[in-house]
Amino acid sequence: MKVVPFIVTASVVLLSACASTPPAAPSDTMGGAAPVTAGNGTAGSGSELKPAQTLPEVDARAAEAAAFAGVNGKSVFFDFDQSSIRDADKATVQAHAGYLNKYKTKVLIQGNTDARGSREYNLALGQRRAESVKQGLEVLGVKPEQIEAVSLGKEKPRATGTTEQDYAENRRADFLYQ
Amino acid sequence: MYSFFAVARRFLLCCLLLAAPLARADLTVDIVGGGINRYPLAILPLTNEEWLPDAVTSTVKSDLAMTGMFNLLNVPATGAPLDASYWQQQGARAMVYGRVTRLDGGMLRVTFWADALAPREQKLAMEFDVHPSQLRDVAHRMADMVYEALLGGKSLFASRIAFVIQVGKEWRLQVADVDGRRAQTVLRSNEPIISPAWSNDGGRLAYVSFENKKPIIYVQDLSTGQRKVLANFKGSNSAPAWSPDGRRLAVVLTTSGNSQIYLLNADGSGLQRFSYSSAIDTEPVWSPDGRSIAFVSDRSGSPQLYVQPVDGSRNARRVTFQGSYNVSPSYSPDGRQLVYVQREAGRFKVMLLELASGDSRQLSTSAYDESPSFAPNGKMVLYASDQGGRSVLFAASVEHPGRVRLGVIEGEVQDAAWGPYNP
């Protein structure tokens, strides 16, 4: 493209803007990078083939599976703008602590918030909820190294409506076992 | 002449970098309040424009309307008289007119003028020789030149915006022209993406991705598409903000057990803690002089804005005192103002704070605004908001009431960030 300024004021702007720019070759191609696709989560199921197991090992695995089924998917819920564990949810934290203490696995605690307000401030509120659960687990004997507290803020609502019931459903901390 | 040639090429390459063929939607200009103090301007259609693949005049008009600084007179698409006294009688202070002619080799010559009418004085006369695919770049350039010739000061169309849209179960980080057109997806993911932040050279975006079950900060080079992890510490990693020199970022980490602001180098090294509270400190933004960081903290019991010097003094000064929920600050380019979001009676609205006086005023009239940011000339603010149950992008003038809905194409707009002037 050629630009021919007719008047002085415009040419001064252009001259000052191009002082250090070498002429670029014309191009018909799109210079932009192709869109990047974010990778999927790397955490796999971790199931591996094992050598033949003795009967007690099979029993132990069955017991662990039953214990896991007892805590898996059990979440903790929070009041509006609150991060303290309600009395009704203390048993849930205790159950997770019991599992973690017995089987020494690792857990990711994801805090969540309802949809109202700043994304980043909500992320921090969700973090406060996850940390609150983490502290409860630690008091119950779970080692800090077993726990990672993170937040999904308002980004991953389980309920997508806008009723108070939906909001309450989303003020939540989930336990993800690895 | 050679140097003009060079700068023109550079300008066009920058734009071509981001030209992506996506569906189109035009701006919806929603100016309220009568046009008092707006510059009355007649923009006549370019002669022969009806043969062009991409109309130039309509883009110039929507650009200038979007700024909120002009009162564009009604001009018929055909038969508008090229008559200064006629447009002066209609109330115009200036008129823009021109023509398109065909050159050898498929190129087009776009020639245009801007004349003040009383007394008549030529303010601008320009000629662009372009390939037909570059007409939209010419239109944005024309809008900038008309703006600067008639109003003085810097215009804003030589910049880009970034935003996140959610389309079904997919999140897309996009970069587009200021009017929302020619959006190009730079990242797509099946998990949320939030908090895009421009480096000051406009070459990189930092953002937060949830693709690995937790928030992790990435930096992506826009010209190569290469991305790398900037911060993946135990806990959450979020709210990236570039220092004005592009060497450092402020981020929010939770390694202390609460959300606190840290500084690190652009390569991820040199981590140091910046904020010290037992509360939530988040949403850092650097002042344009690089000396301070504004952020949100609820150390007083409710989220409020604070400003703290970067010199290590830890001396945070609270700057908002009205309302119980003030979040998402963004500095004006001169560092004198902050835009932010205030919640009041369940409504979230964009506010403008004068830092020297502490006065703040409402910029938007809507109910659910988020992530405001300034244009690089400081005259407009971009933000996401709800309209008819859908989340869309708006731009509002800082000086005049009204707002413009940007032509963003599909999905729900989430975060948005106005970038710096194109390199």
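Okay, starting with chain A: it has five helices and six strands (DSSP runs, H or I of at least four residues for helices, E of at least two for strands, numbered from the N terminus). Housekeeping: this is a predicted model, with local features needing pLDDT of at least 70 and side-chain atom pairs counting only at pLDDT 80 or more, while totals for chains, interfaces and linings use all residues. Residues are numbered from 1 along each chain as written, chains are lettered from A and ligands numbered from 1 in written order, and side-chain values use heavy atoms, leaving out hydrogens and water.

Back to chain A: from the N terminus, the elements go β-α-β-α-β-α-β-α-β-α-β. Of its 178 residues, 42% are buried, meaning under 20% relative accessible area with a 1.4 Å probe, protein chains only. Take its contacts (heavy atoms within 4.5 Å) with a separation of 6 or more: 73% are between residues 24 or more positions apart.

Now chain B. Is B:Leu41 buried or exposed? Buried, because its relative accessibility is 0%. B:Leu41 sits in strand S2, residues 39-43. Beyond four places in sequence, B:Leu41 has contacts including B:Leu64, B:Phe70, B:Met95 and B:Leu150.

Inside chain B, S19 (292-297) and S20 (304-309) run antiparallel, joined by six bridges. Zooming in, B:Val296 has B:Leu305 in S20 as its bridge partner.

Methods:
Buried < 20%, exposed > 50% of the residue type's maximum accessible area, 1.4 Å probe, protein only. Pairing = 2+ DSSP bridges.
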